[in-house]
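Visitor: Please show me the sequence and the structure, and then take my questions on packing.

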Amino acid sequence: MGFMDRNLNDIESLREAYKTFDISTENKYQIFKYGDAFYSTLNVLKRFKNTILTHVISIYLQNNDKYLPPLFLVVEGTAGEGKTSQSIASCIQHGITVIYISASQLSGSHEHDAIDVMESVYKKAIDMRKQGDKVAIIIDDFHLSNASVDANVKRTINSSLLTGYLMNLTQNKEEEKIPIILTGNDFSQVYSPLIRAGRADRFEWSPNYDEKKYIVENIFRDYLKCSSVEFDRFFARCSKASIADFSQLINDYRKSMVSSCFDNIDIIDDVIINNISRYVETRKEKIDYKLLIQFAKERHMLGDRNGKH
């Protein structure tokens, strides 16, 4: 989950979000802070938030020379169920700054590329901690990083350097440490010594029916005008879909508003874009049950006789 997957559902939130996180193009990381327009308002399930906060706080406890908490927390589960977004939100809502990096940024065609990026991220986190900040590093889609190699692929210099560097972080008792959260879909191919007990705790994230319903209700809280009975019926029909699928229904609604503006438009210039933006921003109609089902059907989310996944 990168920045573009954050499911921002209105233009103003998008504008505000750009103001509340920093991007270092040189060092290839993003920093999310307390007050972020999107993550500060995201409702996170208590079970998930407690797991994230317990891991982060454990690293910052005093007297950790006697109690050695694992440096890594592995958050593993099906794609699209909110692992990364809830991890970020859990931290920044409690004043913990997040340095976010995608596994794709830990790959490179040159020797040392992966370790150079990881070192710059960890150094930035250490510097922030020394300034009094509480910081956590989140590496998204870690199962796709150089630390993951299947039986048909030999370990490369980059993969060996990256796993070696990360393992050294867990064993270094001299310096302050930064909690690291690794999210991904399947860690079965990740270098196993890196995530063994003692170096990593594991958290399998598979929201049950009620947990997923809670998340989806909060996604739609400002956009629906259907009754609670209709929403229950809608969710029951779509409950097998991912949380990411549900969040995209709002974007489908916005796109339907945009497409309705195309009549009598020849040239799309800044004036037209601004007019359409104002129209979408100011339109107050909400999504009713019929339209919700229509969008879900188009995305093949209905799990009954009226639609197939």
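Visitor: Which residues does phenylalanine 246 touch, not counting residues up to four places away in sequence?

Guide: This is a predicted model, in which local features need pLDDT of at least 70, side-chain atom pairs count only at pLDDT 80 or more, and totals for chains, interfaces and linings use all residues. Residues are numbered from 1 along each chain as its sequence is written, and side-chain values use heavy atoms, leaving out hydrogens and water. Contact means heavy atoms within 4.5 Å. With sequence neighbours up to four places away excluded, Phe246 touches Lys212, Val216, Phe220, Phe234, Phe235, Cys238, Ser239, Ala241 and Met301.

Visitor: Are H6 and H8 roughly parallel or roughly antiparallel to each other?

Guide: Axes are lines fitted to C-alpha atoms, for helices over the stretch in contact, and angles run from 0 to 180 degrees between N-to-C directions. Angles under 35 degrees count as roughly parallel, over 145 as roughly antiparallel, 65 to 115 as roughly perpendicular and the rest as oblique. The axes of H6 (residues 209–219) and H8 (residues 243–259) come within 10 Å and cross at roughly 20 degrees. H6 and H8 are therefore roughly parallel.

Visitor: How do the residues of the contact of H6 with H8 divide?

Guide: Lys212, Ile215, Val216 and Ile219 of H6 meet Ile243, Phe246, Ser247 and Ile250 of H8. Ala, Val, Leu, Ile, Met, Phe, Trp, Tyr, Cys and Pro count as nonpolar, Asp, Glu, Lys and Arg as charged, and the others, Gly among them, as polar. The H6 contact with H8 divides into six nonpolar, one polar and one charged.

Visitor: At what angle do H6 and H7 pack, and how far apart are their axes?

Guide: H7 covers residues 228–238. H6 and H7 pack at about 120 degrees, with axes 11 Å apart. That makes H6 oblique to H7. The values asked for are about 120 degrees and 11 Å.

Visitor: Which residues of H8 and H9 make their contact?

Guide: H8 and H9 (residues 270–282) pack at about 130 degrees, with their axes 10 Å apart. That makes H8 oblique to H9. The contact is made by Arg254, Met257 and Val258 of H8 and, from H9, Ile276, Tyr279 and Val280.

Visitor: Is aspartate 252 buried or exposed?

Guide: Aspartate 252 lies in helix H8 and touches Phe295 and Arg299, not counting residues up to four places away in sequence. Its relative accessibility is 10%, so aspartate 252 counts as buried.

Visitor: How far apart in space are serine 40 and isoleucine 88, C-alpha to C-alpha?

Guide: Serine 40 is in the loop between strand S2 (29–32) and helix H2 (46–60). At 31% relative accessibility, serine 40 counts as partly exposed. Serine 40 and isoleucine 88 are 48 residues apart in sequence, and their C-alpha distance is 9.4 Å.

Terms used. Helix = DSSP H or I, 4+ residues; strand = E, 2+ residues; numbered from the N terminus. Buried < 20%, exposed > 50% of the residue type's maximum accessible area, 1.4 Å probe, protein only.
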